[in-house]
Amino acid sequence: DYPLPDGLAVEPDLETAVRQADEILIVVPSHAFAGILRQIAPWLKPGQGISWACKGLEPGTGKFLHEPAQALFGEERPLAVVTGPSFAREVAANLPTAVTVAGTEPGYCEKIARALHGGNFRAYTSDDIIGAELGGSVKNVLAIATGICDGMSLGDNARAALVTRGLAEMMRLGRVLGAREQTLTGLTGMGDLVLTCTGGLSRNRTVGVELGKGRKLKEILESLGHVAEGVKTTKSAYELSQQLDVDMPLTNEVYQILYEDKPVKQAVMDLMTRPLKHEQQ
């Protein structure tokens, strides 16, 4: 329902689009990212950078998306992720939005940020690509958890606690992976987490709301009509937390609800009856 800019040209042939482009911004579901990279690799110009606005982990490996890119291109190309609290519908409506471009080379990040920056759209830069990708991925898992909370009508107190404790487990994982805490309390971490956990346009939160109301996952996904990244990311994040021995109770419960058919009421009970602990642990 929003008119496209007059200067936007649509090219249906992928090879033609890539060969004509000065800059590449990939926007696909995260599970398709590595395949798209391999497909376009022969058509790229020498030294041409790759940026993407995908939020998720690679299914099956749990890798951040810059990792398959680096495995394919080595150091030959600069890489950057564009991420942050940005519902597409609000961007299209020209409502104020701020994102972060995080990547492997500061000059390339600034180039992409300058291309995006203007009017009601602000773009910041960062060199913490792990933190930026971590925040953009795990927040989708936590949005499902928050949606379940709202679908069960557990109240505003519960939602606030869940978002806060979700940030805590995101930061625990981040410390092990080498992400900076400033990144995870910034736009790509806390900012995106708050948006996705509370915004009515969040597909992942919608999945959670419907689960909280008692609907089955298969039925929800069939009626959604859009990709909910958090469903696949939950499995990857859970497996990563197990591999690294990082305590992520909310992620664990969402995993069990989605993949082991655990009743949502039992998941809430198990979270609330966990042993007493210090808040910062």
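**A walk from the sheet to the pocket**

Strand 4 (97-103) and strand 5 (121-126) run parallel and are joined by 6 bridges, where strands (E, at least two residues) and helices (H or I, at least four) are DSSP runs numbered from the N terminus, and two strands pair if DSSP finds at least two bridges between them. The model is a predicted one, in which local features need pLDDT of at least 70 and side-chain atom pairs count only at pLDDT 80 or more, while totals for chains, interfaces and linings use all residues. Residues are numbered from 1 along each chain as its sequence is written, and side-chain values use heavy atoms, with hydrogens and water left out.

The two strands belong to an open sheet of 5 strands, which has the order 1-2-3-4-5 and mixed pairing. Its edge strands, each of which pairs on one side only, are strand 1 (25-26) and strand 5.

How many of the residues of strand 4 are buried? The number is 7 of its 7 residues, with buried meaning under 20% relative accessible area, exposed over 50%, and partly exposed in between (1.4 Å probe, protein chains only). Thr97, Val99, Val101 and Gly103 point one way from strand 4, while Ala98, Thr100 and Ala102 point the other way, and all are buried.

In helix 9 (187-198), the buried residues are Thr188, Gly189, Asp192, Leu193, Leu195, Thr196 and Cys197. An α-helix has 3.6 residues a turn, so residues three or four places apart point the same way.

Helix 7 holds methionine 171, which is buried, with a relative accessible area of 13%. Not counting residues up to four places away in sequence, methionine 171 touches Glu181, Leu184 and Thr185. Methionine 171 and alanine 237 are 66 residues apart in sequence, and their C-alpha atoms are 13 Å apart in space.

Threonine 233, in helix 12 (229-244), is buried with a relative accessible area of 0%. A polar atom of the side chain of threonine 233 lies 2.9 Å from the backbone oxygen of glutamate 229; a polar contact is a pair of N or O atoms within 3.5 Å, in which, within protein, one must be able to donate a hydrogen and the other to accept it, and residues adjacent in sequence count only if both atoms are side-chain atoms. Leaving aside neighbours within four places in sequence, threonine 233 is in contact with Gly56, Leu57, Ser137 and Val141.

Two loop residues deserve a separate look. Most residues other than glycine have a negative phi. Serine 153, in the loop between helix 6 and helix 7, has a positive phi near 55 degrees and is exposed, with a relative accessible area of 65%. Aspartate 261, in the loop between helix 13 (249-259) and helix 14 (264-272), has a positive phi near 60 degrees and is likewise exposed, with a relative accessible area of 56%.

On a 1 Å grid over the protein atoms alone, a cavity is a set of points where a 1.4 Å probe fits but cannot get out, a pocket is an open set with protein on both sides within 12 Å along at least five of seven lines, and lining residues have an atom within 4 Å of a point. The structure holds 1 cavity of 30 Å³ or more, and its lining includes Cys54, Val81, Thr83 and Ser137. Helix 6 gives the most to this lining, with 4 residues.

The largest pocket has about 1500 Å³ of space, a volume being the space filled by probe spheres set on the grid points, which are joined across faces, edges and corners. Of the 39 residues that line the largest pocket, the closest to its centre are Val27, Ser86, Phe87, Ala88 and Val91. Helix 4 (88-92) gives the most to the lining of the largest pocket, with 4 residues.

Terms used: Contact = heavy atoms within 4.5 Å.
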